[in-house]
Amino acid sequence: MRKLITTSGHLAEPTDEKIAACIADSEKEGFWLDIEAPDADDYRLLEDVLKFHPLTIEDIQEPNERPKLDEYSGYVFVVLFTARVVGDDVHLMEQHLYYAKRMAITVHQEAQPELDDLRERIGKGPEITKGDPGFLLYLVIDRLVDAMFPVLDHLDETIDDIQDRVLEDPSVQVLRRVYDLKHTVIDLRRQLGAQRDLFQQLVTRSAQIHGTDAALYYRDVYDHIVRQYETADSLRDLLTGTMDVYLSTVSNRANQTMKQLTLVASLFLPLTFLTGFFGMNFAFLVSHIGSTTAFELGAGLMVVATAIQLWIFRIRKLL
């Protein structure tokens, strides 16, 4: 699905002929072409009409690239990633951008509500583009990059909730969730680290293509990427600490259980000794075992031994 808008806010029919006309008039008015879920006709448009290199089209057709910036004659091809929360998981989405002096083209496989909102804003107030495709591309990239902040906020809140659950109920399901979150954050951090390096190059290239004024705006986007990378780094550290807390909590609970079992075994130790002693077959014990005094003596010793143990346990704060 194609969507074509000019820097003056005019929405045009995105046919091959209209796009070719926009290219011919690009010196007068720049444009932004957005292609969602490209098909064979869109790939043919990119190669035959827009004259983009086949290697860039191959990158679009075969996703799972790393963030990168490739320079070609007259234009630059950029691959970057955004993310979206889907249920309890974070879904990474690959974005492809072409930009030249008078045009910007975005290609993506999935719907991007951020780009639809931006297109609507441009239609209502085209002055935000400043009549410059370079600034228009900045608006596009800024929207895509800023879409990562809600994802990081969601991960932060999820980790806070997991930390509370670790202290209250450190179950195996909680540990599995911590591992899943850690893998997600590590993947996110790896992509953000690559994008941070990419935007360093983008700042330089934007200055060469669109001037120093555009470079200032791209530098602002670079600052956002750095913040996101640092946030992902801190989330990874939080998850590592959460796993340590989980292991410590489980270990403490196991120690508490062993302590309780040890106390019970200690209480029965003198009782077992006394019952064994009075059960021995000495002549004196055998001749007096049936008397009330022997029973009272044995029972009394058991009660006294138990009371002494409980008193010792309480003094040592074992109970």
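Q: Where does Lys-51 lie?
A: Lys-51 lies in the loop between α2 and α3 (54-61). The model is a predicted one.

Q: Why is Lys-51 called exposed?
A: The relative accessible area of Lys-51 is 60%. The term exposed requires a value over 50%; Lys-51 is therefore exposed.

Q: What makes the backbone of Lys-51 worth noting?
A: Lys-51 has a positive phi of about 65°, although this residue is not a glycine.

Q: Which loop holds Ala-37, and what is its phi?
A: Ala-37 is found in the loop between β3 (31-36) and α2 (40-49). Its phi is positive, about 50°, and Ala-37 is not a glycine either.

Q: Why is Ala-37 called partly exposed?
A: Ala-37 has a relative accessible area of 39%.

Q: Why does Gln-309 count as buried?
A: The relative accessibility of Gln-309 is 14%. Leaving aside residues up to four places away in sequence, Gln-309 touches Ser-266, Leu-267 and Pro-270.

Q: How many helices and strands does the chain have?
A: The chain has ten helices and seven strands.

Q: How do you know that the chain is more spread out than a compact globule?
A: The radius of gyration is 36 Å, whereas the globule rule gives 20 Å for 319 residues. The value is well over the rule, so the chain is more spread out than a compact globule. Along the principal axes, the C-alpha atoms fill a box of roughly 120 × 35 × 35 Å.

Q: What share of the residues is buried?
A: Of the 319 residues in the chain, 42% are buried.

Q: Which residues have the most contacts inside the largest nonpolar core?
A: This core has 30 residues, and those with the most contacts inside it are Trp-32, Val-78, Ile-141, Phe-199 and Leu-202. Elements giving two or more residues to the core include β5 (75-86), α5 (133-146) and α7 (172-210). The largest share, nine residues, comes from α5.

Q: What does Leu-202 touch, beyond residues up to four places away in sequence?
A: Leu-202 touches Leu-69, Val-78, Tyr-99, Ile-141 and Tyr-218.

Q: Which residues does the second, separate core include?
A: This core of 23 residues includes Leu-4, Ala-12, Ile-35 and Leu-45.

Notes:
Residues are numbered from 1 along each chain as its sequence is written. This is a predicted model: local features need pLDDT of at least 70, side-chain atom pairs count only at pLDDT 80 or more; totals for chains, interfaces and linings use all residues. Side-chain values use heavy atoms; hydrogens and water are left out. Helices (H or I, at least four residues) and strands (E, at least two) are DSSP runs, numbered from the N terminus. The radius of gyration is taken over C-alpha atoms; the globule rule is 2.2 Å times the number of residues to the power 0.38. Buried means under 20% relative accessible area, exposed over 50%, partly exposed in between (1.4 Å probe, protein chains only). A nonpolar core is a set of buried Ala, Val, Leu, Ile, Met, Phe, Trp, Tyr and Cys residues joined through side-chain atoms within 4.5 Å. Contact means heavy atoms within 4.5 Å.
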